[in-house]
Amino acid sequence: MSDNASGWQHWRRIHEPVERWFTLRPDADALVDFDGRRLCWSEFRAAIDAAEHQLIAALVRPGDRVMIVAENCVAAVAALYACSRLDAWAVMINARLALPEIERISAHCLPRLVLFTSAASQDAQHHADALAASAPVEGAFGIWRILHHVDSTSEPVAADATQVAAVIYTSGTTGEPKGVMLTHRGMLFVAFVSGHLRGLTQTDHVYGVLPISHVFGLSSTGNGTLTAGGALHCVPRFDPARLAAALRDGITVMQGVPAMFAKLLEYLDGRGEPLLAPRLRYMSSGGAPLDLDWKRRIEGRFGIPLNNGYGLTETSPTIAQTVLSDPRQDDSVGPLLPGMVLRIVDSESQPVREGEIGELLLAGPNMMKGYYRNPEATAAVLDADGFLRTGDLGRIDREGNLFIVGRAKEMIIRSGFNVYPAEIETVLNAHADVVQCAVIGRRVQGDEEIIAFVEITSGSGLDAGALKEFTGHKLAAYKRPQHIFIVAQMPAAATGKIQKHALLPLAEKLIARS
């Protein structure tokens, strides 16, 4: 590994390697905000300074949690690094979550304060209004609104890089929110090692459309770009027209979920426009399974390889990725990052033979510290040796490339976001006319869709449309089922347990008829 890739070991906090560029490249582009405002590195420093002063004025202390309810913008990025300076934990929350979801997370992590990036996100603005946050606060970082929580208690602070840098909430298989504690060490490792494998440099302009509230957008794209001294373009939401324009204007690196590439090509084809990306040198897919046919179609249009990768929120996130020197013609996610250790085991936790499929157990510098305030859930996935049970099934070929073949868990990945059936089932079961329900995922081109099967009380006039409206007020848009089927009876075992494996073929038949 080069000195550049191993440089993560010399730093204690994620803001430290970023701040060297303030001196080295003060007048070069660092950030492009959602509204087109461009910040050079010296202006970015002023933005972080202003954010830090605001947090200090709000009495944020080391070990406090600061919830950042945001869509991608300079204000969110500045808040992240200001938290790092203060040894506070940045709790990154997608503003597109429903208000009850945000309130549930807040009740769990007990933040010192909540920041809403109201200028960049209409949803954040609505949440700030609903929770009676402060009037807009403006500074070099942009605009945000503040909600104070005076009863928050600080957590202990570690002097080394094992200190928590950020918390990403994932609902988990129980439907209850789990706060994944990402350390400075883990995020530094991913920024340097994964960034080095992507060849990130100061000359890159990176399209930052993956949400900063998601570990892929936060750690790999966002922190990785700025650690390398490149320019990060903050894009709150995906829009194919905006992406097409950015590619024409000189974006050099594009990371996204497969559906983004597909929607871009669909947009261009619908308008009869050519794909123009004169400076694009690297593109990669992650956050969802990459269909091999789509990979070939996308590569044929772009004329460069579509790289693939694999990671988890709990691993900050990158575990494996394809490398520039070895473009893959298959659907491998590439070799493990240097420093990662993999065990592949069977259902009895015994090692499988070479080349065989098993559950992936991983250890490395990028492992989470655990789930915040949930030692039982932490112990269930992290063993005494530091290995994480991923719940994913895979195999390694003779060249050391990893192939993901399925998930032992039932998690659905919708538009790059982790969605857990239990969370949706909890919402559906709250309806008075619902007897029981089951939620599954169905793979479609470049994505997965969410399908719910529901049994209702006898004589009820409840239909799929009413249930969609019911869930619409309680779930983020990407968690809402695309199909809801009312069924007379669920397929069940003798014990009464719903046989979810029988639901997918049933869904295929029902969708084909519709």
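Because the model is predicted, local features need pLDDT of at least 70 and side-chain atom pairs count only at pLDDT 80 or more, while totals for chains, interfaces and linings use all residues. Residues are numbered from 1 along each chain as its sequence is written, and side-chain values use heavy atoms, with hydrogens and water left out. Helices (DSSP runs of H or I, at least four residues) and strands (runs of E, at least two) are numbered from the N terminus.

The backbone is a handy place to start. Most residues other than glycine have a negative phi, and most peptide bonds are trans. Against that background, the bond between Ser316 and Pro317 is cis, with omega at about -5°. Pro317 sits in the loop that runs between strand 14 (306-311) and strand 15 (318-321). Leu59 is not a glycine, yet its phi is positive, at about 70°. This residue belongs to the loop between helix 3 (41-57) and strand 3 (65-70). For accessibility, buried means under 20% relative accessible area, exposed means over 50%, and partly exposed is in between (1.4 Å probe, protein chains only). Leu59 has 60% relative accessibility, so it counts as exposed. Arg373, also not a glycine, has a positive phi of about 55°. Its loop lies between strand 18 (370-371) and helix 12 (375-381), and Arg373 is partly exposed, with a relative accessible area of 48%.

Next come the strands. Two strands pair if DSSP finds at least two bridges between them. Strand 24 (residues 447-456) and strand 25 run parallel and are joined by four bridges; Ile451 has His483 of strand 25 as its bridge partner.

Helices cover this sheet too. Contact means heavy atoms within 4.5 Å, and axes are lines fitted to C-alpha atoms, for helices over the stretch in contact, with angles running from 0 to 180 degrees between N-to-C directions.

Strand 10 (residues 205-208) runs parallel to strand 12, joined by two bridges, with Tyr207 partnered by Met254. Strand 13 (residues 282-285) is likewise parallel to strand 12, with four bridges between them, and Gly256 stands opposite Ser285.

Helix 2 (residues 15-24) packs against helix 4 (residues 74-86) at an angle of about 115°, their axes 10 Å apart. Angles under 35 degrees count as roughly parallel, over 145 as roughly antiparallel, 65 to 115 as roughly perpendicular and the rest as oblique. Helix 2 is therefore roughly perpendicular to helix 4. In this contact His15, Val18, Glu19 and Phe22 of helix 2 meet Tyr81, Ser84 and Arg85 of helix 4. By class, that gives three nonpolar, two polar and two charged residues (Ala, Val, Leu, Ile, Met, Phe, Trp, Tyr, Cys and Pro count as nonpolar, Asp, Glu, Lys and Arg as charged, and the others, Gly among them, as polar).

Helix 2 also packs with helix 8 (residues 215-227), at about 45° and with axes 8 Å apart, which means the two are oblique. Here Pro17, Val18, Arg20 and Trp21 from helix 2 meet Asn223, Leu226 and Thr227 from helix 8. This contact has four nonpolar, two polar and one charged residues.

Finally, Thr117 lies in the loop between strand 5 (113-116) and helix 6 (122-130). With 1% relative accessibility, Thr117 counts as buried. Leaving out residues up to four places away in sequence, Thr117 touches Val69, Ala70, Glu71, Cys73, Ala75, Ala76, Ala124, Ile143 and Trp144. Thr117 and Ala78 are 39 residues apart in sequence and 11 Å apart in space, C-alpha to C-alpha.
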